[in-house]
Amino acid sequence: MTDMSYSPSRGQSPALKLVLRSILYILLGLFALFYLMPLFVMITTSLKSLDEIRTGDLVSLPREVTFDAWRTAWSGACTGIQCEGVKPFFLNSLLIAVPAVMISTLIGALNGYVVAQWRFKGSNIFFALMLFGCFIPFQVVLLPMARVLGLMGVAGTIPGLIFVHVIYGLGFTTLFFRNYYVSIPSELTKAAKVDGAGFFRIFWSIFLPLSLPIIVVAVIWQFTQIWNDFLFGVSFSQAGTQPVTVALNNIVNSTTGVKEYNVDMAAAIIAALPTLFVYVVAGKYFIRGLTAGSVKG
Amino acid sequence: MTRWLQDNMPKIVLAPSFIAVMVFVYGFIAWTAWVSLTRSRLMPRYEIDSFIQYERLASSPRFEVAMTNLFIFGALFIVIAMVLGLLLAILLDQKIRTEGAIRTIYLYPMALSMIVTGTAWKWILNPELGIEATVQGWGFANFEFNWLVDPDMAIYTVVLAAIWQSSGFVMALFLAGLRSVDEEIIKAAQVDGIPTWRVYSAIIIPSMAPIFLSAFIVLAHLAIKSFDLVIALTGGGPGYATDLPATYMYAMAFSRGDIGQAASSAMVMMLVVFAIVVPYLYSELRTKDD
Amino acid sequence: MKSYVFSTASAIAVCAAGAVFADGHAEAEVLHYWTSGGEAKSVAVLQEEFAANGGTWTDMPVAGGGGDAAGTALRARVLAGNAPTAAQIKGPAIQEWFEEGVLADISSVAEANDWANLLPAAIASHMQCEGTWCAAPVNVHRVDWIWANTEILAANGIEMPTTWEEFNAAADKLQAAGIIPLAHGGQAWQDATVFETVVLGVGGADFYQAALVDLDQDALTSDTMVAVFDQMRTMRGYVDDNFSGRDWNLATAMVMNGEAAFQIMGDWAKGEFMAAGKVPGVDFSCASTPGDGYLYNVDSFAMFSVDGEGKEAGQDLLAELIMGPNFQEVFNMNKGSIPVRTDVDLSGFDACAQLSAADMASTNDGGTLKPSYAHGMALFGAQSGAITDVVTAHFNSDMSSADAVQMLSEAIANSM
C-alpha cells in the first residue's frame, strides 16, 4: 500500500489521479464484499421458507421471498414457553446497556484524564493494573461475581448487570481515553491551572470538547460489548431481566428441537439493529473529529 | 479542606476504579488461584489439596492443543487485524465520498452476535455448500477450499472469521487517530512536496503509537476470550482441533463439573498471556513516560 | 414445611390429586432449556396445568449446548443464593447437586403418587438421592436409533441391518451405488452418540455397563474396545468428507433428501422427519441400532431448596404434574419421546414411539436398559467428557484403535 499515493496531492496528472482513485474505490469495494458476504447469506436465508432451506442450497438466492421468518423472529418465535419473539427482551437490553455505557464511558474519561494529564506517583501503576485487568477471562469471573452480587443483594437484577458491565468495561474506556489524552500537550493543562482553573473545569471545558472521536470509539466498543454479551447476561439474570442475547440464544440453540434457520437469521439481524443504529449515528462524529482535531496544537 | 480536596482530586477520582479493579480483577484472580489448588467439582470448594489439577492439566492432550491454538490464532489474528484495520483506515481517510456507508459496512460485523453469524460462516466455508461449491460451479472443477473440515487447517477459518468480525473496530480506532492528527502538519508537509505515503509512514503513523497500544489490547483481549466464535463456527472441532483455552475452561467449569481443572487452566493461560503482554506494555508505557 | 391442604372444591380434571394450596398461591420459577418451537409448546402444557391448579409459573429458559448454558446460569444463581425453584437437570448431575446440599426433598409427592411402581427401576434410581426422591422425570428419549430412507433401501435391496456386519455390508453396497451410507455431523456429542451405540452393539449390554458406566479398566482396555474403535474407523469411511461441524438436523435432511441412507441419532431426529411431512414406515424407517439393549436419555426436573411457602407448594405441585398421565402423554407426543410412566396409553403415538416403549419394557425386564453416556445419563461430566475427547479425536484423525484404547484408559484415570 505504501507505493500508492492515491491522495489528491499536487503534481500528479489528472489521468494518473483518476486511475489511482479508481484503484482506491475498487479496493474499498472488494473489502466491502468480503464484509458483506455473511450478511448476504443471513438475509437470503431469512427470506426463504423452511421447506426451501431443507431441500435447497443454503447459500443461494431464495426462489420465493417471504417475510414470515422476520415476523416470527420479532414477535412469534418461542424463547421458552412464551412465544413472543425477541421483542419483549429489547427493553431489558436497553435498560442494561444505556446506563452501563454512559457510566463506564464517563468514569473511563475521568480516569484517562487523570492518568494522562494529572500524573502522580502510582498513577502509571494504576493504569498498568487496569490494563492487565482487561485480560482476565470472563469464565473465571462468573462464579465469584455471582457470590458478590448475591451479597450485594442485586443478583438477577438489572442494576446488578449494569454494575458488572461497568466494572469490566472500565479497563477499556480508561485505556481509550488515556491514549487519546496523552497526545494532547500537557502545556494546555498547565496554562489552564495557572489561570486558576480547577481539575473538573479543565476537564469540562478543555478536554471534553476535544474528545468527540474517542467518545465515539468508547461508546461503540462498550455498546457492542454490552449489547452482545451473553455470558454475563445469562448468568446474572433471572426470569424477567434476561437480555436480548439470551432470547436470541434460546431461539437459535436447541439440541433436540427442529431448527428454523430462517427465523434464526432474522432474529440475529433484528437483535443487531440497535448496534447498527449506533454505528450509523456515531460514525458521523468521526468526521466531526476532524474539526475537533484541528483545534489542537 | 478545599485545598486538600483540590490537591488530591486526581487520586479521589481514581480511587473507586482502583478499588473495583483490586477486588473484581485481582481479588478474583487470587480466588481462582486458590480454587485451582482444590478438588472443586460441580461447585467451588475451598479445602486446599495439592497441585493435582496442574498435574492433570499437564497430561491433558486437549489442553496442549488449546494452548498451541491460542498462539497460532492470537498471533495471526492480532497482526492481520491490525494491518488490515490500519490499511482500511488510511484508504477511508482519502476523502471518500461514500465514507459513511463503507465505514458502517466494515464495522457491522461487530454488531452481530456470533451465535448466529458463526452458522452463516459455517455454511460459507463448508466445501459442499459455500465458496468451494460456488467456484466449482463457475467451472473451476479443481478449486479446493476445505479448511473448515481439515483438522490441520480449521483453526485458520477461526482466524478468518475473527478478523472479519473485529478488523472494522480496529479501523475505527485508527480512523479516530488519523482524524486527531493535526491537519496543519500534514498540509505543511504536502506544501514541501513530501509524497503522501511518506507523510503517513513518517509523520502520521508514528504519532499514533498510543492507538496501536489500544488496538493491541483490544485485539489481544478478543483473542484470549474468543469463545462464541469457536463454539458457533467449529464447536472446537474437527475433534478438538480448534479448541482454545477459553472453550476448554468453559467446558471444564460448566459442562463437566470440574471447576478445579478449569481454575488451573485459567491460571496457566493468564500466566502465559501476562508473560507476553507485560513486557510489551512495560516498554510501551516507559517510552511514553519520558 | 410443605404443608398443603387438599380441597375438593376446585379439583381439576387434569390433575387426579387436585392439589390446591392454602394461601392460594403456588409459585415456581423454572429453569429449563426447552426453547425451540415444538419443545416450547410441549413444556407450555405443563405451565397451563400449573396455572389451572392455581399456580404462578415464571419461565426462565436458557438454551444451548445441551443444557450447558442453563447449567452455567444455575451455578451462578445457586452461588448468589438466588436459586430457581426448579431446574432441568438430568442423570448423575442430580446426585452431584444433591451432594452440594441444595436440592429439596419431594418424597412426599413421589410416595403419594407411587412413582416407585410407575417408573422402570433403572430410571427411578436416577431420581432418588440417598433414599429420598429429589427429581421428577419427564420423558424418555431413546438414543440408539438408526434412521433410514425407505426408498433408497428398497431401491438397493437393503433391509434394516440387525448386526454391524450387516450394516457394513449394506454401507459398502450403497457406497458402490454412489450414495453416502451414513449421514453424520462431526460434532463431539454426535461422535459420542454413534460411539455408544457401537459399544452397545459390538460389546453387548454387560460390556456397555462395565466400560461406560462402571469405567472398569479391564473393559476399557479389552480387545472388545479395540473392535469398537475398529468399527468406528470403518464407519468413518461411510461418512462424506464434509461432515465436520454439521448440525445433526442437516444430517437428517440428507437422509430425507436421499443423499444419504442412514443416520444414527436419538429419537428427536423423528421430529425433523415429521416437521417435513414425512411418514414413518413410508418415507423413513426407524429401528434400534444393531445389537440388543436400549440406551435411554431421560429429562428431569430437580427442585432446589428455597424459602417461602408458596415456592415449596409450587415444587410439590410441579412434581406431581410432571408425572401426571395427561402431561406425560401430551408432552411426549409433541416432543417425539415416550412417557417415562409405564402406564400411559400409547395408541395415539406413532410406530417408532410404540416400538421404543415396547423395547423399554422388554429391556427393563432383561436388564439391558442402559443409561446413555453421550447424553449425560451414565457418568459425571468429567468422565464422560474425557471419553468424548478420545472418541472425537480418534474419529477425526487417523489414530489407531490400539492408541485410542490406550488414550481412553489414560484419560479416564486423569479425569478422576
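Guide: In this predicted model, the centres of domain 1 and domain 2 of chain C, taken over C-alpha atoms, lie 30 Å apart. The domain assignment gives each domain in two pieces. Domain 1 of chain C is 2-140 + 298-352. Domain 2 of chain C is 145-295 + 355-415.

Now the boundary between them. Domain 1 of chain C brings 20 residues into contact with 20 residues of domain 2 of chain C. On the domain 1 side, three helices of chain C each supply at least two residues: helix 3 (92-99), helix 6 (121-126) and helix 16 (351-366). Helix 3 of chain C gives the most, with three residues. By class, this side of domain 1 has 11 nonpolar, six polar and three charged residues.

Thr197(C) sits in helix 9 (residues 188-213) of chain C. Is Thr197(C) buried or exposed? Thr197(C) counts as buried, because 27 C-beta neighbours fall inside 10 Å. Its contacts, leaving aside neighbours within four places in sequence, are Asp144(C), Ile264(C), Thr289(C) and Leu295(C). Take Asp144(C). Along the chain, Asp144(C) and Thr197(C) are 53 residues apart. Their C-alpha atoms are separated by 5.5 Å.

From chain C, step across to chain A. Here 33 residues of chain A are in contact with 37 residues of chain C. On the chain A side, helix 2 (50-55), helix 6, helix 11 (231-235) and helix 12 each supply at least two residues. Helix 6 of chain A gives the most to this side, with six residues. The residues of chain A that touch chain C divide into 14 nonpolar, 15 polar and four charged.

Chain A also meets chain B. That contact takes 86 residues from chain A and 87 residues from chain B. On the chain A side, the helices that each supply at least two residues include helix 1 (14-46), helix 4 (87-117), helix 5 (123-133) and helix 6 (138-152). Helix 13 of chain A provides the largest share, 15 residues. By class, the side of chain A that touches chain B has 60 nonpolar, 21 polar and five charged residues.

Zoom in on one helix pair across that contact. Helix 10 (residues 212-228) of chain A packs with helix 7 (residues 154-180) of chain B at an angle of about 170 degrees. Their axes are 9 Å apart. The angle makes helix 10 of chain A roughly antiparallel to helix 7 of chain B, because angles over 145 degrees count as such. From helix 10 of chain A come Pro213(A), Ile214(A), Val216(A), Val217(A), Ile220(A) and Trp221(A). They meet Phe169(B), Ala172(B), Leu173(B), Ala176(B), Arg179(B) and Ser180(B) in helix 7 of chain B. The residues of this contact divide into 10 nonpolar, one polar and one charged.

Last, chain B itself. Chain B has 13 helices and zero strands. Along its principal axes, the C-alpha trace of chain B spans about 80 × 70 × 30 Å. Of the 290 residues in chain B, 55% are buried. Among contacts in chain B between residues at least 6 apart in sequence, 67% join residues at least 24 apart.

Conventions: Residues numbered from 1 in each chain as written. Chains lettered and ligands numbered in written order. Predicted model: local features only at pLDDT ≥ 70, side-chain atom pairs only at ≥ 80, totals over all residues. Axes fitted to C-alpha atoms, helices over the stretch in contact; angles between N-to-C directions. Helix = DSSP H or I, 4+ residues; strand = E, 2+ residues; numbered from the N terminus. Parallel < 35°, antiparallel > 145°, perpendicular 65-115°, else oblique. Contact = placed C-beta atoms within 7 Å. Nonpolar A, V, L, I, M, F, W, Y, C, P; charged D, E, K, R; others polar. Buried ≥ 20, exposed ≤ 12 C-beta atoms within 10 Å, placed from the backbone. Domains from an automatic or database assignment.
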